[in-house]
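Hi,

Here is the structure I promised to pass on.

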Amino acid sequence: MKKQFISLALAVMMLLGVTGCAMSTPSTVGTIGGVEIPAGVYLLAQYNAYSTAAQNADLATGETASDVKAVLKAECTGTIGDEEVTTDGADYVERLTRRSLQYYAAVENRFAQLGGELDDAATAEAAQTADSLWESNGDLYTANGIGKASVETYLLNAQKAKACLELIYGENGTEPVTEQEYQDYIVNDCAYLETVQIPLFDQSTYVFATEDQNTEIKALAQQCCDELNAAGDDESAMYMAAMTYAPQAIGILGGSLDANQAVYYAGSSLYTPDDLASYDDGQGGNTITDATDKAGFGKWVVVDLGMSYLVVRALDPMQVATVSDYVDGFSLLDAMKSQELQDSLYAEGAAMEDGLSASALKTYSASKIKKTV
């Protein structure tokens with residue numbers, strides 16, 4: 001019996017040894033397009049995908065985003081790429097994770113093809129951001145098997161994508177944007193606006209204007225508008241107007257605003273299509289540009305933004321600054337080409353050979369995600 005027991009124990013030990021080798025967590029989850037996908041990068045992409053799925057999940061009463069099993073079983077509706085998707089949480093996470101990894105691989109490949117090298121500023125930014133994320137979420141990342149190095153690797157990939165933009169469309173890129181293309185974009189797609197905000201909300205007291213107060217502040221905004229139109233091209237007029245009328249509006253709300261602080265309620269800038277998109281009226285128009293287009297260049301108008309009345313005018317951008325001024329000062333290359341590049345990288349990634357390991361993905365199943373530590 002003793003010999004049998006020893007033999008049985010030895011067999012179990014051998015079995016455990018073999019099992020231990022088989023069950024050791026892989027350092028990668030395979031490849032996409034020949035690009036090796038580190039396990040930590042996969043887990044980070046999966047964790048981010050889970051967070052998106054949790055926001056889109058139709059959870060039962062009492063269930064929360066921290067209920068991993070509930071989220072993975074729940075119906076999720078959201079957009080993945082250009083496709084509106086309704087599926088269960090587990091499938092949503094898997095599809096979104098794979099799409100993120102395809103993009104990651106496409107960036108790595110394109111960056112290498114272009115002979116790109118990250119400069120010190122880019123690597124320092126990635127490291128600094130990783131430090132910040134680790135300080136706030138390090139324990140949670142660790143609980144999910146994500147190391148700080150993986151976070152930094154993921155961020156370096158984003159820096160490579162950013163570098164690809166310059167390597168392709170920059171002045172010395174493979175497909176440089178011409179000065180005429182920049183000018184056409186500035187004139188046809190952007191708007192140069194001067195603005196003065198007349199608040200309907202006191203940020204220090206969280207007080208909104210009542211109906212009567214709204215009427216009174218609207219009259220102030222119109223008075224401000226009339227004075228600015230009378231001032232013509234006096235560049236200091238809008239700042240003086242902000243210092244005069246913003247404190248009066250806050251006063252109507254029962255608060256106070258120092259005139260020196262009120263100067264920040266005025267400003268001027270080139271608004272790109274992304275900037276202007278936030279003023280979409282939901283009916284195919286734009287709250288600001290519809291009003292300024294109707295008024296014409298140089299004419300101040302009042303626009304109701306809900307939280308404030310905006311006294312605004314549009315100027316001919318080419319009368320304000322040069323093309324090079326806008327390119328240098330407003331990140332126009334990013335505004336013009338980042339979406340185009342992103343779309344092409346997603347398409348490239350989706351077309352790449354998928355060499356992800358089914359066994360590795362099973363090892364790192366989304367069911368093992370932890371939302372609390």
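A word on the ground rules. This is a predicted model, so local features need pLDDT of at least 70 and side-chain atom pairs count only at pLDDT 80 or more, while totals for chains, interfaces and linings use all residues. Residues are numbered from 1 along each chain as its sequence is written, and side-chain values use heavy atoms, with hydrogens and water left out.

**Overall build**

The protein has 16 helices and 12 strands; these are DSSP runs numbered from the N terminus, with helices being H or I of at least four residues and strands being E of at least two. The radius of gyration is 28 Å, well over the 21 Å that the globule rule gives for 373 residues, so the protein is more spread out than a compact globule. (That radius is taken over C-alpha atoms, and the rule is 2.2 Å times the number of residues to the power 0.38.) Along its principal axes, the C-alpha trace spans about 105 × 55 × 35 Å.

Angles here run from 0 to 180 degrees between N-to-C directions, and axes are lines fitted to C-alpha atoms, for helices over the stretch in contact.

Strand β1 (residues 28-32) is joined to β2 by three bridges, and I32 sits opposite V35 in β2. Contact means heavy atoms within 4.5 Å.

**The four-stranded sheet**

Another open sheet has four strands in the order β9-β6-β11-β10, again with antiparallel pairing. Here β9 (266-271) and β10 (301-304) stand at the edges with a single partner strand each, so one side of each has no neighbour in the sheet. The twist averages 35° from one strand to the next.

Within this sheet, eight bridges join β6 (residues 191-199) to β11 (residues 308-315), with L193 opposite A314 in β11. Helix α8 (residues 211-231) lies across β6, β10 and β11, at about 20° to β11. Helix α12 (residues 287-295) also lies across β6, β10 and β11, and runs at about 160° to β10.

**A hairpin**

β4 (residues 75-80) and β5 (residues 83-88) run antiparallel and are joined by six bridges, with E75 opposite D88. They form a hairpin with two residues between them, and G81 in the turn has a positive phi of about 70°.

**Pocket and cavities**

On a 1 Å grid over the protein atoms alone, a cavity is a set of points where a 1.4 Å probe fits but cannot get out; a pocket is an open set with protein on both sides within 12 Å along at least five of seven lines, and lining residues have an atom within 4 Å of a point. Grid points are joined across faces, edges and corners, and a volume is the space filled by probe spheres set on the points.

The largest pocket has a volume of about 370 Å³. It is lined by 17 residues, with D119, Q159, K162, A163 and E166 nearest its centre. Helix α6 gives the most to this lining, six residues, while α5 (120-143), α6 (148-169) and α15 (332-351) each supply at least two.

There are two cavities of 30 Å³ or more. The largest cavity holds about 50 Å³ of space, and its lining includes E194, W300 and R313. The second largest cavity holds about 40 Å³ and is lined by Y42, E94, T97, R98, L101, L356 and L361. Helix α4 provides the largest share of that lining, four residues.

Cheers

Definitions and conventions
Pairing = 2+ DSSP bridges.
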